[in-house]
Amino acid sequence: MNTVLSRYPSFPVVLRCVVRHKLPCACVAIATAILLIYWFSLPETLFDKPVSTIIEDSEGRMMGARIAEDGQWRFPSSAAIPEKYAQAVVLFEDKRFYRHRGVDGYAIARALIQNIRQRRVTSGGSTITMQVIRMMQDNPSRTLLQKLKETILATRLEIRCSKQEILNLYVSHAPFGGNVVGINAASWRYFGREPEELSWAEAATLAVLPNAPSLIHPGRNRNLLLDKRNRLLDRLFEKNIISEENCLLAKAEPLPEQPHSLPSDAPHLLDGIAATNKGKRIRTTLQQPLQQRVNEIVARYAASYKGNFVNNMAVLVAEVETGDVLAYVGNVYQPEQTAGNRVDVIQAPRSTGSILKPFLYATMIDHGELLPDMLVPDIPIQIRNFSPKNFDRSYSGAVPARRALQRSLNVPAVRLLQQHGIEKFYRLLQTLGLKTLRFPAEHYGLTIILGGAEGTLWDITGMYAGLARTLNHFPKYMSRYDPADLHELNFLQQESFLYRSPVSDEQLEHTAPIEAASIWQTFEALSDLNRPEEEATWKSFSSSQKIAWKTGTSYGFRDAWAVGVTPQHVVGVWVGNASGEGRPALTGVNYAAPVLFDVFARLPQSKWFDAPRDDLVPVAICRKSGYRASPLCEETDTVPTARINTESKECPFHTVIHLDKEHKYRVTGECYSVAEMDRVTWFVLPPAQEWYYKNRNANYKALPPIHPDCPNTERQQQMELIYPPFGLTVVLPRQLDGSEGQVIFSAAHRRAESTIFWHIDRYYAGSTQTPHRLAVAPSPGEHTLTLVDDRGNKITGYFIVEGK
């Protein structure tokens, strides 16, 4: 017994008296049993009904709710009770609530007298505490025995809980008509606002409603509800709780009509949270005003895109430094389920298109393999059965790496990835946060840079934010912090699902996957992209901000991407059809980029990234090739670049030649006076690159011809096979009638007037002049291909024709 007394110091005084006065054992046992039954008469959990799932923005404003599993709008309890409603409900239901201990004898006596006079039950005399007990028991039939139970349990509840806790239980579980339970749900359903924002008329309406919840239905006893409300307002005035003026103004307010729809600002995020946090009130990092503006942008563009049967769109806005998501639009919102609008595209894997190219560009600079203006081959390429093409089906011969990134050229990107290594790039993407790489690197091959892999808007936006975060932290931390902390985004304020705290000093332990100097040069290139037409003159406006941005378009026009980043914010946009259906002209530039810049226009302006000067060193660059200048490069520029590029490859395209005094022919000492010849350096591209390059660059000068009196001692390669590359397996096309067609072989020669003689297996196949293209139909098997020009220059290799 002493153990019981010590464990429950508030145990009733009667039991203590029984023990201390040593009453007979039988009495002690009976008293103990009765008091123990009384003490444990209340269940540990009073209410176990399912509740709605609610999400709030960072300031606590409700952004959406899902109905409870039993079909009721029953919100999770909140600690605070609105002051207006608390005063109104106590005055209406139980004016001596703060003075009694669960049972109001005066109210019971009054009710008994009223019932005798009316000869029927018109009043029960129940206190708020007793009503909590009744609601806990699912409102059983009203009998004397039930009233006795409620009375006993009410006194026990008063021992367990404070008055504030009891009142909270009442306002959270009181019925408000239909499927609305609790003041929070009622406030939103009937007045469309938070309980704290209710007027006195609205608070009084909800205070009288649990007493007769059916009165809320339109057209059913509305005058009775209005009369009840106004009588309560008069009592509030009589108690000096409200002024006469406020009382009159409150009475003039109409009753609510049809229930309001609950906020639905981020329905797809709510669905995701409800799946793992059912029945909870979740505080997110979203900002409701921004979320609503982004919703409006998405709705506006979605309406215009419907004309091309493009039905879905997603936008993600996050803060770079913390990773906090500020706006989350998982798809075009439509109340009805149509055209895949229920799919949360932010979390759905989609073909990445060209959106990963900046990461290859940055890491190759970081490894000393690339300089921003270094010429990259842009000529037809065939690797086994993979033959990538540029979007416009044209070729530049050679193009600066920066321009290749800005134009999102596919062929240079594939060649760069081939040079860098697929496995290295694959591991980088995993480190940066691309979680959808379900297969090994060899499964994707070179196609990974053109959309051969899938990614989510969540991951990719986080990866861009990670680059920006590295750059932001360079001045203080010299790019050193946990790589796993780079790419994470977060939409919850609580420490759980996808939570990531801001970068702290303790996390600055490892080197970032890509150094700040390489990221800065990448962002500089991305900031110079040609913006959509409506943004074309952005530099003319002082209010326009500099943005590093990139678009992507998947094969078949199925996915349009755009991601942009500033030091403060990152925005990711996806446009397309959740079904995977492609549509004409559905490209990142045409569809996703306008949305991106419209969203950025709603965000606070931010200055551009500071250059990481401690990580940048001046390097002499060949002006024509973009490589590190060799001694033969006469025109050079000094540009800041990553430190590792001080040891990058020197320009391979400048060579020394000797010209006659008119600079018309190349000459040698065998045929020309050494005293009269001039030694000059010449910029020379390989034949295939030169063929395309000179058509786009009027200032490119081809090598002068050799003097007619000089022997042919060409040291530069004169011709190059474009298709098929030596060693390739060729498949002959089929004609409409089923017969085998011909395959087109092509080559490039430095001299426009040259003739090339083609031989297959020592058999003459034909001759060509510019352009050098020859249609052939070789038999299945391995063949030797030999090209000889009219000056005897020759190249030889083999190719394979696949059998039938």
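User: Is Ile-152 buried, partly exposed or exposed?
Analyst: This is a predicted model. Ile-152 has a relative accessible area of 38%. Buried means under 20% and exposed means over 50%, so with 38% Ile-152 is partly exposed.

User: Which residues make a nonpolar surface patch of about 280 Å²?
Analyst: Residues in such a patch need over 30% relative accessible area. Ile-152, in helix α7 (residues 144–160), has 38%. The patch of about 280 Å² is made by Leu-145, Leu-148 and Ile-152.

User: Is His-749 buried or exposed?
Analyst: His-749 lies in strand β21, which covers residues 743–749. Its relative accessibility is 3%. The cut-off for buried is under 20%, therefore His-749 counts as buried.

User: What is the length of the polar contact that joins the side chains of His-749 and Asp-789?
Analyst: The side chain of His-749 has a polar contact of 3.3 Å with that of Ser-754. With the side chain of Asp-789, the polar contact of His-749 is 2.8 Å.

User: Which residue in β5 is the bridge partner of Glu-56?
Analyst: Strand β1 (residues 53–56) and β5 run parallel and are joined by three bridges. In β5, the partner of Glu-56 is Arg-283.

Terms used:
Residues are numbered from 1 along each chain as its sequence is written. This is a predicted model: local features need pLDDT of at least 70, side-chain atom pairs count only at pLDDT 80 or more; totals for chains, interfaces and linings use all residues. Side-chain values use heavy atoms; hydrogens and water are left out. Two strands pair if DSSP finds at least two bridges between them. Helices (H or I, at least four residues) and strands (E, at least two) are DSSP runs, numbered from the N terminus. Patches are made of residues with over 30% relative accessible area and no salt bridge: like charges are joined within 9 Å, nonpolar side chains (Val, Leu, Ile, Met, Phe, Trp, Tyr) within 5 Å. Accessible areas come from the Shrake-Rupley method with a 1.4 Å probe; for residues, only the protein chains shown count as cover. A salt bridge is a side-chain nitrogen of Lys or Arg within 4 Å of a carboxyl oxygen of Asp or Glu. Buried means under 20% relative accessible area, exposed over 50%, partly exposed in between (1.4 Å probe, protein chains only). A polar contact is a pair of N or O atoms within 3.5 Å; within protein, one must be able to donate a hydrogen and the other to accept it, and residues adjacent in sequence count only if both atoms are side-chain atoms.
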